[in-house]
Amino acid sequence: MESTSSSSFVILSAFIISFFLLASSPSKALTQEDNFLQCVASHSNQSMPQLYVPKSPSFLSVLQSSIYNLRFTSPATPKPLFIITPNHESQIRAVVVCSKKHGLKITVRSGGHDFEGLSYRANVPFVLIDLVNFRTIDVNIKDNSAWVQAGATLGEVYYRIAEKSPVHGFPAGACHTVGVGGHISGGGFGLMVRKYGMAADHVLDARIINAKGEILDRKTMGEDLFWAIRGGGVTSFGVLLAWKIRLVPVPPTVTVSTMAKTLEQGATELVHKWQSVASYGVPDKLSIALHVGVVDTVNNNNGTRIGSRRTIQATFTTLFLGPAAQLLQVMEKKFPELGMKQEDCKEMRWVESTVRTAGFPDGTLVDILLNRSSLPKTTFKAKSDFVTRSIPKAGLEGIWKRFLKEERPELVIGVWGGRVNRISNIRLHFLT
Ligand SMILES: Cc1cc2nc3c(=O)[nH]c(=O)nc-3n(C[C@H](O)[C@H](O)[C@H](O)COP(=O)(O)OP(=O)(O)OC[C@H]3O[C@@H](n4cnc5c(N)ncnc54)[C@H](O)[C@@H]3O)c2cc1C
């Protein structure tokens, strides 16, 4: 009995080994690669797109170039069979048609900021279309609009608008390295959300390629699909090529203020009060966003360091679409506890405010908006939710207690209210 079972084990092992040898034999892999490449070449009207396979010398650097969450740079993260960095729409269409024919999933990456890395990883064999070369921005000040290709970053959009006009802007996120492909389709917003709503509220038209390889615009895709891709994510419906966005008016001078308060400086009371003033009762042109983290404060005795202490720090970042004097009047009336003074306020152009509110120090040139890797990449797990009622002080204290036990916790609360509350969540209507 013993010898029979051990010989059947040997036969089974031999079968498994030969199966794996067959599956991984170079000629088989080459054939699959060749077939796919031939298919893409025959469907591309233009030249063949730039294509990388795992054995290409630059495969890993291209893959990692815009992975924002470093959790997904580990060797264990599944890698694509091919990375394509197209320059022409016909090349994307060819990849869509051929991936379908060869049973390969497609992931599409614009800015690579997906919290869970869904734009560049999958658990089945897949092809990555990286839109890094797809980032032309064509601003038309005469009709307050711009065509923006999907791979452009928010920073590039802000910069190109400001090149043409100091009194036009676009209401989108604070982090300028985020891509417009994922941001606008996923319901992204920034510090002008209370005045103008979300980025998706300002989409006038879009071009996408569907699973059949057809290129559709607003008219040919129909209003239902056009509605869905403005907040529901484009990935379920196709590859987004470009958005036509509406520009919004901004004053020549806006005011930015960043004020940080530790627990010892009354952070709990301030955060508690902030909850009741930031969304309601202040003008739409005022937004105060909140970031809470943990910092080390140094204890001094007559100038000599005698130790350090970990504490909670709440940072209030304010954008006011107007001059500092007006902002100070509003703050004195609505949120005097924060103690904002003239010296806490900086007047600047709107485009400069996008640099300042992203956390860069005074004097940073707006050219940084064109640098796709100017924000440090990090390892993180993030989750978002809606806070519909004020968190009581005891609740905040509970959060702080937990924070102090964690290595690098962060809480970011954006403010809504204002225009957001006046836009229907059933059907988005264009703002006039
Ligand atoms: C550091 C950081 C700061 C952020 N700041 C803000 C902020 O201020 N405000 C805010 O609202 N959000 C913010 N976000 C969230 C961000 O808006 C979303 O993660 C957004 O989806 C990222 O878009 P992306 O194009 O950079 O990401 P990607 O990883 O490229 O894509 C995100 C998702 O969209 C899909 N997708 C991307 N492009 C296309 C396309 N062309 N066609 C079809 N599908 C596509 C991807 O497949 C993926 O599922 C931030 C995220 C990070 C990491």
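1. Take the second largest pocket first: 14 residues line it, and those nearest its centre are Val96, Ile106, Ala211, Thr235 and Gly238. A pocket here is an open set of points on a 1 Å grid over the protein atoms alone, with protein on both sides within 12 Å along at least five of seven lines, and lining residues have an atom within 4 Å of a point. Keep in mind that this is a predicted model, where local features need pLDDT of at least 70, side-chain atom pairs count only at pLDDT 80 or more, and totals for chains, interfaces and linings use all residues. Residues are numbered from 1 along each chain as its sequence is written, and side-chain values use heavy atoms, with hydrogens and water left out.

2. Who supplies that lining? Helix 4 gives the most, with three residues. Helices (H or I, at least four residues) and strands (E, at least two) are DSSP runs numbered from the N terminus. Domain 1 (29-133) and domain 2 (137-249) both contribute residues, so the second largest pocket lies between them. The domain bounds come from an automatic or database domain assignment.

3. Now the ligand. It has 27 residues around it, with Val108, Ser110, Ser119, Gly179 and Phe189 the closest; a residue counts if one of its heavy atoms lies within 4 Å. Both domain 1 (29-133) and domain 2 (137-249) give residues to this shell, so the ligand sits between them. Helix 6 provides the largest share of the shell, three residues.

4. Look at the backbone too. A backbone N or O atom of valine 108 is 2.8 Å from an oxygen atom of the ligand, and for glycine 112 the distance is 2.9 Å. A polar backbone atom of glycine 182 lies 3.1 Å from a ligand oxygen atom.

5. Grid points are joined across faces, edges and corners, and a volume is the space filled by probe spheres set on the points. The largest cavity has about 110 Å³ of space, and Ala172, Leu191, Trp350, Thr354 and Thr357 are the lining residues nearest its centre. Domain 2 (137-249) and domain 3 (254-419) both line the largest cavity, so it lies between them.

6. The second largest cavity holds about 40 Å³. Its lining includes His168, Arg349 and Trp350, with at least three residues from each of domain 2 (137-249) and domain 3 (254-419).

Definitions and conventions
On a 1 Å grid over the protein atoms alone, a cavity is a set of points where a 1.4 Å probe fits but cannot get out, and a pocket is an open set with protein on both sides within 12 Å along at least five of seven lines; lining residues have an atom within 4 Å of a point. A polar contact is a pair of N or O atoms within 3.5 Å; within protein, one must be able to donate a hydrogen and the other to accept it, and residues adjacent in sequence count only if both atoms are side-chain atoms.
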